[in-house]
Structures are given as structure tokens and as C-alpha cells.
Amino acid sequence: MLLEKILQSQGFGSRKYCQQLIKNGSVLIENQICDNPKQNINTDQLVFQVFGEEYQYREHVYIVLNKPQGYECSHQATHHKSVFSLFPEILLHRGIQCVGRLDQDTTGLLLLTDNGQFLQALTHPRKHVPKVYHVTTADPITPEQIQGLQQGVELRNEKGIYAATDIQLFSEHQLSMTIHQGVYHQVKRMLAAVGNKVEALHRHQVGLLELPDLPEGEWMYLSDEQKQLSQNIAAEA
């Protein structure tokens, strides 16, 4: 691939800007200045430097964020901060998008990618990718409420029955539950339908991928193993 196209594909800016970076001697490969924008470079395992900072070539990026409260999953956030403000500009230039959305007051696992096929595979309504949530409720959770969640509830303006699986009770006010759809405010509405109220909501898992050990507000590229796991989720969904 041409060096100028590599830089552009990695989010460094317009083709003209990338050409100028290269001609100015700002790009190094194996500690050697590469000043020819038209130089053909093998992208396999490619590591390069721009302004002294090291980058690894990635055809697509797969990112996991431990989303904090008070952030909207939108580029044009209206009432709160945007989750995209947590990422460097180079990733924004790549056009990363959220794989599904979390409410501003919901924390936990949020995937982002610039791979449209991967995004579609995880978010299409027919895929039914399981998602595990940890829920804190306002009132004590009763056996009847658990039974209601397992049997399924109707949600206003939605078709069908919405049921939870793999419910685990942590305490009288905390439980874990798995849902297989992704309608608006689904967990909150399901708890309301059985007579309770969600006080705090945390997404712990999507498909087979659990939230890594990340502080709130921090993100990481998926490791090769996690990336394969993510791709397996997409393939199996």
C-alpha cells in the first residue's frame, strides 16, 4: 500500500496533509525516515512513527470502553458529554462508531469500531446477541419479580414478550440478568413492568466478551485473543 494511503487510512488526515507529513520527514519506519509518499509498504505487522510517536497499522479498529456515567453515545451530544470526547482525534478521523448504545447514566462495556460489517452483525435486531447487565434496584427484589422477568413482560409500544435469562441475585437490591434484544431502555422498562425501579445499571458482557479490567472512562484496543472472540461473536450472532 502507498505510504500516503496508509497514513490516511489510519486517521492522520487528508491525503494532502499525509503527503506533507511524509515529505517533511515526520514518518519513520524501522527508525528510518520515509519521505516518499508513493513508496509501497507492506502493512503486515507494520509499526511506524509519526512525530516520534509509535503506531501499529490496523486495517480496522476494535475498541472496548468502560463507559462512565454522564456520557452520551452520540457525536452530537445534547445534554451531556459525548463518549467520543474520550478518544484521540486520530480515531475520530477513522469514523469509529458505537456498537449499540448505552444511556448516559448506564456504565460498563461499550464496543466501538470502524468496521461496518462487524457493527451490523452485533446490532441487527435479528441477531439477538446476549448482553449481561448488573442491576441495582430501588426496592428489594422479590421472587415474584424474578419469575416475571424470566417468564417475560410486555413493553409499551413494542411487539412481543421480553424475557431475561441467567438471572443471578447478588443481594436484595442487586441482580445480574441477560437480555437478548436491544430495544429502547429495555432493562429499565422490564424492571418497571414487574414493579421495581432501576437505580443503577452496568453492562458487564456482550456476547462472550466480558468487560476487561479497565477504570471507568478508559479504553483499549482489543487484544488478538479478544478480537478473535469479538469476531466469533459476530460470526455466531
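The UniProt annotation "domain: RNA-binding S4", taken from an unreviewed entry, covers residues 1–69; UniProt positions are given here in the numbering used for this model, feature names are shortened, and annotations may be inferred rather than shown by experiment. Over residues 1–69 the chain is 23% helix and 28% strand, with the end C-alpha atoms 41 Å apart, where helices (H or I, at least four residues) and strands (E, at least two) are DSSP runs numbered from the N terminus.

This is a predicted model, in which local features need pLDDT of at least 70 and side-chain atom pairs count only at pLDDT 80 or more, while totals for chains, interfaces and linings use all residues. Residues are numbered from 1 along each chain as its sequence is written, and side-chain values use heavy atoms, with hydrogens and water left out.

Side chains of opposite charge can pair when their charged atoms come close. Counting a salt bridge as a side-chain nitrogen of Lys or Arg within 4 Å of a carboxyl oxygen of Asp or Glu, the rule gives six salt bridges. One of them joins the side chains of E4 and K38, at 2.9 Å from N to O. This pair links distant parts of the chain, since E4 lies in helix α1 (residues 3–9) and K38 in the loop between β2 (32–33) and β3 (47–50), 34 residues apart.

The chain as a whole is divided into domain 1 (3–56), domain 2 (62–125 + 208–231) and domain 3 (131–206), with bounds that come from an automatic or database domain assignment. The centres of domain 2 and domain 3, taken over C-alpha atoms, are separated by 23 Å. Their contact (heavy atoms within 4.5 Å) takes 15 residues from domain 2 and nine residues from domain 3. About 1,100 Å² is buried between domain 2 and domain 3, and carbon and sulfur atoms give 41% of that area; buried area is the accessible area (1.4 Å probe) that two parts lose on being put together, summed over both.

Across the interface of domain 2 and domain 3 the rule finds two salt bridges. K188 and D103 also meet through their side chains in a salt bridge, at 3.2 Å from N to O. On the side of domain 2 that touches domain 3, the elements that give two or more residues are β9 (106–113) and β14 (209–210), and β9 gives the most, with five residues.
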